[in-house]
Amino acid sequence: MSDVARYLLGLDAGNTVIKAVLFDLTGKQIAMSAMDGQSSRPAPGYVERDLDELWSNARRVIRECLEQSGIAADQIAAIGCAGHGNGLYLIDAAGDALLGVQSLDTRAADLAAELAGQGDALHAISLQKPWPAQTPTLLAWVKRHRPQIYARAATVLMSKDFINFRLTGERTGDISDMSGAGFLRMPECRYDDQLMALYGLEDAISILPRLVAPSDIAGRVSAKAAAETGLAQGTPVIGGYFDVVSSALGAGSVRAGSASIIAGSWGINQVFSQEPAINPDVFMVAGFGPGRFVNIESSATSAANLEWYVREFPERGGHHDDPFGYCNSLIAKLAPADDDPFYHPFLYGSGQGAEFRAGFYGIAGWHQEAHLLRALFEGVMFEHRRHIGVLQGAGLALAEATLAGGGSRSPVWPQMFADGLNLLVTVATARETGALGAAIGAGVGVGLFADYEAGAAAMTSAAARYTPDPEMVAHYDKRYRRYLDLTARMRGFWSGA
């Protein structure tokens, strides 16, 4: 490996897009390539991907990123990959793909409801209850409904583990992804026979991958992968990360008591702690090292609401060259008022109930589009606040928060989050926080940084900080109470009771 310069390659494999991003050791982005993948829906509720296409896309973005950078491949010190959590990726003994199920899949909804009878016992071990796209729930579904595939399965992988396998030939799973999937005894972060038996998967221990810490070197780039990607043979590849952990790390959050909020298509709300929250109200807990846990509350109630609004209204007919900028500019000109409308951001349901629906309330004749947009932005923030409240109710202390995702690039939302949460909110400079977090972990894995704190200090920075305005804190406190009351009153309507 060259001693002239050192770079770190971060990969980020989402449900559709895969990215390869090259960073220097200060966190400066040197080059980036991204590519959309295709999902298939072979039956209602099924969301699958072609794993050979996933690897083909990964090869392409890695090669394109290297070509853009102009650096020699042997100047890359290490590679880290982050990927969406849960779903199910199965390969056979030869390493050929058997099945790729994405985390948007709901085929196992009935089985998750059946396993809910074991929910308390499952939570007592894994700090998670069964849900449809959870990896062990999906594996139990395959065992019951696709026994021919189950019989051929040699290894259960997560999305980023499949890419690591193609890069190195090693079948590994990292503790952040496997704990986030409900596969591990917590807080020990290890496999457990009793846990697998509760899922009805006593015979599946043998097909679980070798467990590694995220920053451990899981393998090295093989000669075959080097020829396919342009990487240097022997380059270290770390275990990698559940992407929500990686995104938080890339935004600069890692210390106990810090919160990471991701305002993207999904709303992700995380609080770091030295001990996991043991509370059935918390959606999931993931561990990523000794004394390092992230407690997670999430739902599809975030910026996807604005994406829908833009698509259906400002963007229709091409009336605005910058529709998101148009929406933000309208809100920025509007002073908030007590009689502003309310909005429920439940276009895609809620973890509180699949029957929840979105809606505007309290619209009067003097209200304009700006009022509706302010209500939408506020409603999204209130759902993040509700999730954060669940985490606080579980005994997790918050001292600060970082905001990432598309919502963090709004000139309006970050201050609204600071006021609504009554917290100092920091927006990171980096946009590709998932890839950056994976690159930081790679640096830790090969000894370029002593620990995550040192890596984050070296490679992340704040683009802006937002301090709560006491007057607006009081305004949002009052409106949040009314928002929760409105939600409670609408439950009967949504359920048809």
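This is a predicted model: local features need pLDDT of at least 70, side-chain atom pairs count only at pLDDT 80 or more; totals for chains, interfaces and linings use all residues.
**Exercise 1. Which span should helix H17 have, and how far apart are its end C-alpha atoms?**

Solution. Helix H17 covers residues 470-495, which is 26 residues.

**Exercise 2. What is found at the start of H17, and which residue follows the helix?**

Solution. At the start, a side-chain oxygen of Asp-469 comes to within 3.0 Å of the backbone nitrogen of Glu-471. After the helix comes Gly-496, with a positive phi near 80°.

**Exercise 3. Which residues of H17 are buried, and what do the buried residues pack against?**

Solution. Take a relative accessible area under 20% as buried. The buried residues of H17 include Met-472, His-475, Tyr-476, Arg-479, Tyr-480, Tyr-483, Leu-486, Thr-487, Met-490 and Trp-494. In an α-helix, residues three or four places apart point the same way, because there are 3.6 residues a turn. The buried residues of H17 pack against strands E19 (342-344) and E20 (359-361) and against helices H13 (369-393) and H14 (413-421).

**Exercise 4. Which parts do the salt bridges of Arg-479 and Asp-477 tie together?**

Solution. Start with Arg-479, which forms a salt bridge with Glu-378, the closest N and O atoms being 2.7 Å apart. Arg-479 is in helix H17 and Glu-378 in helix H13, so this pair links parts 101 residues apart in sequence. Both Arg-479 and Glu-378 are buried.

Next, the side chains of Asp-477 and Arg-385 meet in a salt bridge, at 2.9 Å from N to O. Asp-477 belongs to helix H17 and Arg-385 to helix H13, so the pair ties together parts 92 residues apart in sequence. Asp-477 counts as partly exposed at 26% relative accessibility, whereas Arg-385, at 17%, counts as buried.

**Exercise 5. How many residues does the largest nonpolar core have, and which helix gives the most to this core?**

Solution. The largest nonpolar core has 86 residues, and Leu-88, Leu-90, Leu-139, Phe-183 and Phe-417 have the most contacts inside it. Helix H13 gives the most to this core, with nine residues. A second, separate core has 35 residues, among them Ala-133, Ala-286, Ala-438 and Ala-439.

Conventions:
Residues are numbered from 1 along each chain as its sequence is written. Side-chain values use heavy atoms; hydrogens and water are left out. Helices (H or I, at least four residues) and strands (E, at least two) are DSSP runs, numbered from the N terminus. The expected span of a helix is 1.5 Å times one less than its number of residues. Buried means under 20% relative accessible area, exposed over 50%, partly exposed in between (1.4 Å probe, protein chains only). Contact means heavy atoms within 4.5 Å. A polar contact is a pair of N or O atoms within 3.5 Å; within protein, one must be able to donate a hydrogen and the other to accept it, and residues adjacent in sequence count only if both atoms are side-chain atoms. A nonpolar core is a set of buried Ala, Val, Leu, Ile, Met, Phe, Trp, Tyr and Cys residues joined through side-chain atoms within 4.5 Å. A salt bridge is a side-chain nitrogen of Lys or Arg within 4 Å of a carboxyl oxygen of Asp or Glu.
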